Amino acid sequence: MLEALNYSFIQNAIIAGLLVSIAAGIIGSLIVVNRMVFLAGGMAHTSYGGIGIAIYFGLPIFLGATVFSIGAALLMSYLTLYQRERIDTFIGLIWACGMAIGIILVDLTPGYNVDLMSYLFGSILAVGSDDLVFMSILVVFIIVIVSLFYRDILAVSYDSEYASLRGINVKVFYTLILVLSALTVVIAIKVVGLILVIALLTIPIYIAEKLSNSLYGMMAISALLSSLFTLVGLYLSYTYNLTSGATIIIVSAMSLFMFIIYKKIRVGA
């Protein structure tokens, strides 16, 4: 693997993996704490509509996916805030419509024959310099926003009623968390793909939650775990010629399985 580090596409893959891991650690913690896993899954699949729009109009993939995902996040926020009893219905509807829009627009694009599986399962080895720049901008934006409003986000995440009594606009920060989740989903597309995003946003966080006693600690530990799983998965995928996104998730899942066994053995002892 060491000789592979001389190749630019491997270097780009490693940087991309670390950037996504940082974002996944931060936003994944918020998703889990706020019990938004299904919402995040809906946004992940809905973003395919943005990919279809970008392909059809000849726009950068990340740009199309970002704008479309943010729009979907705002719509989901509005619908789930005021009609929570219908949350599953709305998420399923937006999920299906987003995927359908993307598929139809790709079908209508003349001469487009790129393997769409790369968007579904990730293609970290195909990350280019422009992709890294876009990823870096989004990750910095996520870090800055969470740092600036950490206390408010913390209050809303753990006790929204108390936060409201303190004068914090719960609706605004609920929407903000969804928008940041959408951005994280977008930058994770290249690494693990739309279908596997939720695993990356939940598996390291579950382990981190058991190892920390604060939201900040959970974010830091899950970011480190995500980085480790991504690097190990990337190494295995390169060595054995496996799909990178799926390999990263398998490494994460196996690590979670071993962690659970370790905890049970430790409790039993």
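Guide: R35 sits in the loop between α1 (8-33) and α2 (37-46). Helices here are DSSP runs of H or I with at least four residues, numbered from the N terminus. This is a predicted model, in which local features need pLDDT of at least 70 and side-chain atom pairs count only at pLDDT 80 or more, while totals for chains, interfaces and linings use all residues. Residues are numbered from 1 along each chain as its sequence is written, and side-chain values use heavy atoms, with hydrogens and water left out.

Visitor: Why is R35 called exposed?

Guide: Exposed means over 50% relative accessible area, buried under 20%, and partly exposed in between (1.4 Å probe, protein chains only). R35 has 75%, so R35 is exposed.

Visitor: What is the phi of R35?

Guide: Phi of R35 is near 55 degrees, a positive value in a residue other than glycine. Most residues other than glycine have a negative phi.

Visitor: And how do you know that N241 is exposed?

Guide: Its relative accessible area is 71%, so N241 counts as exposed. N241 is in the loop between α11 (215-240) and α12 (244-268), and its phi is also positive, near 55 degrees.

Visitor: What makes T175 buried?

Guide: T175 has a relative accessible area of 18%, therefore it is buried. T175 belongs to helix α10 (residues 170-211).

Visitor: Which residues is T175 in contact with, leaving aside its neighbours within four places in sequence?

Guide: They are L74, S77 and L81, where contact means heavy atoms within 4.5 Å. The T175 side chain also reaches the backbone oxygen of K171 at 2.9 Å.

Conventions. Helices (H or I, at least four residues) and strands (E, at least two) are DSSP runs, numbered from the N terminus. A polar contact is a pair of N or O atoms within 3.5 Å; within protein, one must be able to donate a hydrogen and the other to accept it, and residues adjacent in sequence count only if both atoms are side-chain atoms.
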